[in-house]
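Visitor: I'm new to this one. Can you walk me through it?

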Amino acid sequence: MDSRTLTPDNPWLVLRKLTPARIALGRSGTSLPTAAQLDFQFAHAQARDAVHLPFDPAGLVAQLAERGHESLVLHSAASDRDQYLQRPDLGRRLNPGSAEVLRQYAQAHPGGVDLAIVVADGLSALAVHRHTLPWLARFEEQASADGWTRAPLVLVQQGRVAVADEVGELLGARMTVMLIGERPGLSSPDSLGLYFTYGPKVGLTDAYRNCISNVRLEGLSYGMAAHRLLYLMREACRRQLSGVNLKDEAEVHSIDSENPSTGKGNFLLGKG
């Protein structure tokens, strides 16, 4: 006990500089201090707002058009937000009108494509609004040399991860990448998730997908997320699979990794 402040000495305080996790909050008697309690309530309100924030596909379409991207706006089988939250299965499929739009597009552009990028609001439209365009810019910078053919960006309202399987199958895409707002946490209401699938088709389980999560300024950077995704895509094309049988072994470039003499790499993988 510090006799000058009459507050307990807290050895965990130094860790608060290293993480946004709620540790070393202190106490007031047997309760949290007022500031910590108010901060928790504010974070909880941000998470709730992120779940219910309406998706703005029109605004995203306009921004994409400014950058020369064609896009299609579709809707899942969930008619509104309440149904989307109560019926996850409906968010995994397109409504009949949207499915027909893709069929007509595929008929007008036969032969399929290498990649279909799908964007859905998921559980945080805020994440999609904030991070889709900057991540896409970094992805295109790194993917330009691969020469993959791409379908127009597909924006799905009230969509869940698996809806990308139907989109990819209807477009005849060899691969799909789903950009979706992840479930908000109490320190991350705007976390974007990337889900990659090789050979998409309706009925696939999550075992056939690879996930790159927490893409945001305070989490995984746009450049690193693009780097990891491109590794998965290249390996998937080589091995013709994705999911649990495709591990993310992408090398993380650093000052040390650029010097072969150090012998440093991914310590989790060991040396082969």
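What follows is a quick tour in questions and answers.

Visitor: What kind of model is it?
Guide: It is a predicted model.

Visitor: OK. How many helices and strands does the chain have?
Guide: The chain has eight helices and six strands. Along the sequence they run α-α-β-α-α-α-β-α-β-α-β-β-β-α.

Visitor: How much of the chain is buried?
Guide: Of the 272 residues, 41% are buried.

Visitor: And what share of the contacts joins residues 24 or more positions apart?
Guide: Counting contacts with a separation of 6 or more, 68% are between residues 24 or more positions apart.

Visitor: Let's go inside. Which residues touch the most other members in the largest nonpolar core?
Guide: W135, F139, F196, V215 and M233 do. That core has 37 residues.

Visitor: Which elements give two or more residues to this core?
Guide: The helices are α2 (57-66), α6 (125-143) and α8 (222-239). The strands are β2 (113-120), β3 (153-157), β4 (173-181), β5 (192-198) and β6 (209-215).

Visitor: Which one gives the most?
Guide: α8 does, with nine residues.

Visitor: Back to F139. What is F139 in contact with?
Guide: Setting aside neighbours within four places in sequence, F139 contacts L115, I117, R150, A226, L229, L230 and M233.

Visitor: Now the helices. At what angle do α6 and α8 pack?
Guide: The angle is about 55°, and the axes are 9 Å apart. That angle makes α6 oblique to α8.

Visitor: Is the crossing of α6 and α8 left-handed or right-handed?
Guide: The crossing is right-handed.

Visitor: Which residues make the contact?
Guide: From α6 come R130, H131, P134, W135, R138, F139, Q142 and A143. From α8 come Y222, G223, A225, A226, H227, L229, L230, M233 and R234.

Visitor: How do the residues of the contact of α6 with α8 divide?
Guide: There are 10 nonpolar, four polar and three charged residues.

Visitor: And how does α2 pack with α6?
Guide: Those two pack at about 15°, with their axes 11 Å apart. That makes α2 roughly parallel to α6, and the crossing is right-handed.

Visitor: Which residues make that contact?
Guide: L60, Q63 and L64 of α2 meet V128, T132, L133 and L136 of α6. By class, five are nonpolar, two are polar and none is charged.

Visitor: Change of topic. Why is α7 largely enclosed by the rest of the structure?
Guide: Helix α7 covers residues 163-171, and eight of its nine residues are buried, so the rest of the structure largely encloses it.

Visitor: Which ones are buried in α7?
Guide: V163, A164, D165, E166, V167, G168, L170 and L171.

Visitor: What follows α7?
Guide: G172 does, with a positive phi near 70°.

Visitor: Is A116 buried or exposed?
Guide: A116 is buried, because its relative accessible area is 0%, and buried means under 20%.

Visitor: What does A116 touch?
Guide: Leaving out residues up to four places away in sequence, A116 touches A151, L171, A173, M175, T176 and V177. A116 and G172 are 56 residues apart along the chain, and their C-alpha atoms are separated by 9.0 Å.

Visitor: Is Q240 buried or exposed?
Guide: Q240 is exposed, because its relative accessible area is 59%, and exposed means over 50%.

Notes. Residues are numbered from 1 along each chain as its sequence is written. This is a predicted model: local features need pLDDT of at least 70, side-chain atom pairs count only at pLDDT 80 or more; totals for chains, interfaces and linings use all residues. Side-chain values use heavy atoms; hydrogens and water are left out. A nonpolar core is a set of buried Ala, Val, Leu, Ile, Met, Phe, Trp, Tyr and Cys residues joined through side-chain atoms within 4.5 Å. Buried means under 20% relative accessible area, exposed over 50%, partly exposed in between (1.4 Å probe, protein chains only). Helices (H or I, at least four residues) and strands (E, at least two) are DSSP runs, numbered from the N terminus. Contact means heavy atoms within 4.5 Å. Axes are lines fitted to C-alpha atoms, for helices over the stretch in contact, and angles run from 0 to 180 degrees between N-to-C directions. Angles under 35 degrees count as roughly parallel, over 145 as roughly antiparallel, 65 to 115 as roughly perpendicular and the rest as oblique. A crossing is left-handed if the near helix is turned anticlockwise from the far one by less than a right angle, and right-handed if clockwise. Ala, Val, Leu, Ile, Met, Phe, Trp, Tyr, Cys and Pro count as nonpolar, Asp, Glu, Lys and Arg as charged, and the others, Gly among them, as polar.
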